[in-house]
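Dear colleague,

I am passing on the structure below, together with some notes on its salt bridges, and I would be glad if you could read them beside the coordinates.

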Amino acid sequence: QWLRDGSALAGATSRSYKSRVEALGSALSAAVTATDATDQTGTATSDPTGPVRRGTLDVLQRPSLSGVARYDHRLSADPGRWAPKVKNVRYQWLRSGDPIAGATKPSYLLAPEDLGARVTVEVTARRDGYLPGTARAERTKAIDHRVPLRRMVSYHVETRGKITADLATFKRLAQETYDDARGWRSAGMGFKRVAKGGAFTLVLAQASWVPRFSSVCSAEWSCRVGRFVIINQTRWLHASPAWNAAGRSLRDYRNMVVNHETGHWLGHGHLGCPGPGKLAPVMMQQSKGTDGCKLNPWPLRSELWAHPSGKLSQAPADHNARVWVD
């Protein structure tokens, strides 16, 4: 007769006893009753055990990952194999060893913040009566852009008029926009700043200077004329009334205006709102309003210069002759 904290356990009368969850923290003992040939009986009780502790889960096979280690691709986790078997597992995705907030599902869509980092998943297995077991999958290689680099474009930076904005900051933030996984780089297009020359010139211009590039350009907005991608300094420093009224950040505006004007140089024309509540195309004139679309500083998938064949489309033959006012 098996006993828990001195009390008999119903039905526990075999030579062995497998402790259950209810026994956690309790002491177990066994009362043995012996009968001799004359039917005389005697009972002796064992010393009690120490308190019953939780068991441990053993990893028979570590968790593993499947999927492509590129931005905008999805990684999936296999929880591995555990002994004894478990059904209750929890996931926590990690970026360079740190937990990613909210990333607790069996799969994870790689985000721009993951670019250059190594991503993995930690699996926590649970079973009644056992301590939680944790194990991590092997880390991925460093996360790369959505598609490989297919074309590298060089550019250089110039200024026009009186510049009060910090030029070093302008150069740095513009290059960050070009390098961002959400931008034109997501179509396989890379941008490299050079000291002079290059395929196009990125200009930070005093507002009153902008119309000097073309009579079509306005001192109120940015512009693109031929090889010149012109960022209006007033807009760079203060965004636009429509953007500010929507409560969006200045950094997002700077991403948008660089992407938009460079998009013109790449051969993209203006686009309208695809529908109320949808993200605005980056080639929409968002500085002036969005017609019910949501402000968006990055090219939509439909705007990227990528085809299912993997080949980049070609810009219109006259794209460097066009003038775009934004």
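Glu176 is partly exposed, with 36% relative accessible area, where partly exposed lies between buried (under 20% relative accessible area) and exposed (over 50%), using a 1.4 Å probe and protein chains only. Salt bridges that share partners join Glu176, Arg172 and Arg251 into one network, a salt bridge being a side-chain nitrogen of Lys or Arg within 4 Å of a carboxyl oxygen of Asp or Glu.

This is a predicted model, in which local features need pLDDT of at least 70 and side-chain atom pairs count only at pLDDT 80 or more, while totals for chains, interfaces and linings use all residues. Residues are numbered from 1 along each chain as its sequence is written, and side-chain values use heavy atoms, with hydrogens and water left out.

Arg172 is partly exposed at 43% relative accessibility.

The search of the whole structure finds ten salt bridges, and one of them pairs Glu138 with Arg62, whose closest N and O atoms are 3.7 Å apart. Because Glu138 lies in the loop between strands S13 (133-136) and S14 (151-160), and Arg62 in the loop between strands S5 (58-61) and S6 (64-66), this pair ties together parts that are 76 residues apart in sequence. Glu138 is exposed at 59% relative accessibility, whereas Arg62 is partly exposed at 45%.

Notes. Helices (H or I, at least four residues) and strands (E, at least two) are DSSP runs, numbered from the N terminus.
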